[in-house]
Amino acid sequence: VPAIPDMDPTATGGRGMLKGYYSFYFAWYNSVTKGFSNPSEIQKMQTTPPGTFYLSANQRPIVDFTIPYAIKTFLDAAVTTGTGNLNITGHGRETGDPVKLRNFSGALPVDAGTGSPLESVRTFYVIKVDADNLKLARTAALATAGTAVTFTSAAGGGTHVLYSIPANADGIRIYQSNSGGDVAAVNVNNAANGPWRFATNILLTDLDSSHQAAFAVLDEELGAIISGDNDPPPECEFVTEFASYPMALSAFGNTRTDTKTGSNPGNYVLMAKQSNFEGYPADWRVGVGGQINGFAAGLGRLFCLTETAVPFIAATGRTEIARLIPTGYDLPFTSRPFWTKGGISPHQICTIHGDVFVWSGGKLLMSPRNADAYANPFELTAAVEDVTEDWSDGLVFVKNDPYKQQLCIISSATRKNADGYWISEILPLDLVTNAWQPIIELSSPTRDMIVSAAEIIGNRLEMLVGGWNDTTGAYELATLRYNEANGKPIDYYFAITPSDAGEEMRTKKITAARVTGKFSDGALQFHGTRDGGSLSIADIEAGTNALLSVTLTDAASITRQFRKKFTLRRLDLLCVRFAGTWDGSGDPDRIDELVLEVSA
């Protein structure tokens with residue numbers, strides 16, 4: 001609650017406030033949401049008109065306004081002693097609501113259980129009989145069970161007050177001491193009996209601990225309308241924040257006996273009000289046409305993942321004026337379809353520079369910008385199907401590494417290595433050149449290398465990788481950062497697509513090769529077919545059974561090496577494999593050029 005400024009109507013206010021003009025709102029403390037909520041409309045008052053001031057022996061009000069459902073009074077005649085019924089017209093309470101009792105005069109009814117008048121300091125709990133009748137219980141559980149307090153007599157001859165939050169009010173007034181200064185008290189007034197004081201300063205601490213109240217001062221010129229609903233948050237699958245609004249996703253599914261509007265999972269996205277983040281109006285919702293199984297944010301949109309499509313939520317740019325015009329014309333969000341590709345996990349959608357990348361159906365797809373439901377996405381993995389054809393859709397992550405400007409398609413637990421441990425693979429797409437980079441294999445001879453999580457942290461892609469270790473008999477996990485040297489050597493190779501060098505019907509002869517680049521332990525291997533023989537993909541991948549191997553000189557910087565002479569004859573089909581070992585420090589190894597001398 002903000003500090004209360006000097007409210008002497010004879011002084012000029014600060015922060016643009018006009019002399020003699022003040023705005024207030026009153027907010028109840030909600031025991032369910034554990035916060036101040038459900039405020040009233042702003043009360044804009046001027047202190048100078050006649051009738052505003054109410055003078056008593058030691059205090060005067062600055063402003064007078066009423067808050068509904070704050071106080072109800074009743075007389076002894078309203079009490080039925082045998083049943084404990086209180087006849088209070090329009091009491092506004094529900095079963096279980098906490099209340100307290102006070103006197104304007106006389107004594108409270110006598111409790112049959114204790115033989116003493118009801119305690120004014122105790123919290124009682126309502127048993128609602130109907131709109132005009134209620135009973136009191138000593139605990140919430142007894143109220144639910146319908147066990148009421150009964151009375152032996154109600155002959156105190158006085159006027160009694162029942163108050164709670166929410167409740168009905170005869171009036172609330174804010175007073176200031178005659179000597180000026182800060183607000184001294186909040187007072188409840190009954191016109192017939194004069195002011196009755198039950199709290200001090202800002203917080204109405206005389207109420208029970210789970211129901212308190214507060215008031216704040218607002219500038220009339222700068223103030224805004226305060227909406228007052230306090231609809232409870234709905235059941236939902238996901239919660240996030242989008243465009244400064246708390247959002248509840250996958251709500252209002254199948255109805256149940258305890259939920260009139262339906263439980264989760266569901267087809268709807270709800271939003272809270274900016275003026276009351278605890279309020280989720282049921283009519284402030286948008287549907288997406290399918291059950292929401294996940295979500296992803298990006299490009300100023302909130303993508304909802306369903307079984308059959310990827311619709312999104314977008315802000316409309318409207319502001320909240322729910323008190324002035326119907327909410328149906330003022331929803332700050334809307335829904336529209338994006339494309340009809342379903343079955344996507346939140347880990348398999350990524351937004352980069354206005355494009356949306358999705359892994360679906362064994363393929364990496366990229367949407368045309370601002371695509372709609374009928375736009376055909378671009379397929380990006382046709383050139384690397386030999387790498388991705390054995391990947392399992394459910395074990396794929398799609399993540400962007402902003403530092404290296406590469407989109408990484410991660411296949412977790414792709415297969416087992418020669419030591420019997422699971423390996424994972426990373427296929428990078430360079431976003432600068434739009435070219436696929438060599439696949440990266442996460443493999444260890446001592447443990448599984450299963451990627452279980454991948455997130456962008458500090459502008460870098462980091463992965464949680466690990467698994468079972470037979471030696472230690474335990475699970476081991478580590479955080480690995482993508483594309484960063486750690487001082488450990490890394491073996492690598494690449495192989496050029498097998499080719500006949502453009503001579504379909506003639507055998508080829510290779511007489512020399514030259515390499516430009518920076519590398520260590522570099523070696524060229526030549527694999528090929530002779531006289532209709534076969535070419536082994538397994539040998540190319542493993543670097544075995546080559547027709548010829550040529551060792552290269554180490555190069556600490558980019559170097560154009562000398563020409564290497566050799567002779568390979570009678571080749572129908574040719575594949576060249578280059579391999580090396582980077583020491584894991586400094587600049588990575590690179591190959592800039594590979595030149596072969598080939599004749600037919």
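Strand 36 (residues 460-469) is mostly covered, with eight of its ten residues buried; buried denotes under 20% relative accessible area with a 1.4 Å probe, protein chains only. Strands are DSSP runs (E, at least two residues), numbered from the N terminus. The model is predicted: local features need pLDDT of at least 70 and side-chain atom pairs count only at pLDDT 80 or more, whereas totals for chains, interfaces and linings use all residues. Residues are numbered from 1 along each chain as its sequence is written, and side-chain values use heavy atoms, with hydrogens and water left out.

Strand 36 pairs with strand 35 (residues 450-457), to which seven bridges join it in an antiparallel arrangement; pairing requires at least two DSSP bridges between the strands. Here isoleucine 450 stands opposite glycine 466. Two residues lie between the strands of this hairpin, in which glycine 458 adopts a positive phi near 60 degrees.

Strand 36 also pairs with strand 37 (residues 474-481), again in the antiparallel sense, over eight bridges. Leucine 464 has threonine 479 in strand 37 as its bridge partner. The hairpin of strand 36 and strand 37 has four residues between the strands, and glycine 473 in the turn has a positive phi of about 65 degrees.

Histidine 527 counts as buried because its relative accessibility is 3%. Its side chain makes a polar contact with the side chain of glutamine 525 at 3.1 Å. Beyond residues up to four places away in sequence, histidine 527 touches several residues, including Leu535, Asp539, Cys575 and Arg577, where contact means heavy atoms within 4.5 Å. A polar contact is a pair of N or O atoms within 3.5 Å; within protein, one must be able to donate a hydrogen and the other to accept it, and residues adjacent in sequence count only if both atoms are side-chain atoms.

Notes:
Buried < 20%, exposed > 50% of the residue type's maximum accessible area, 1.4 Å probe, protein only.
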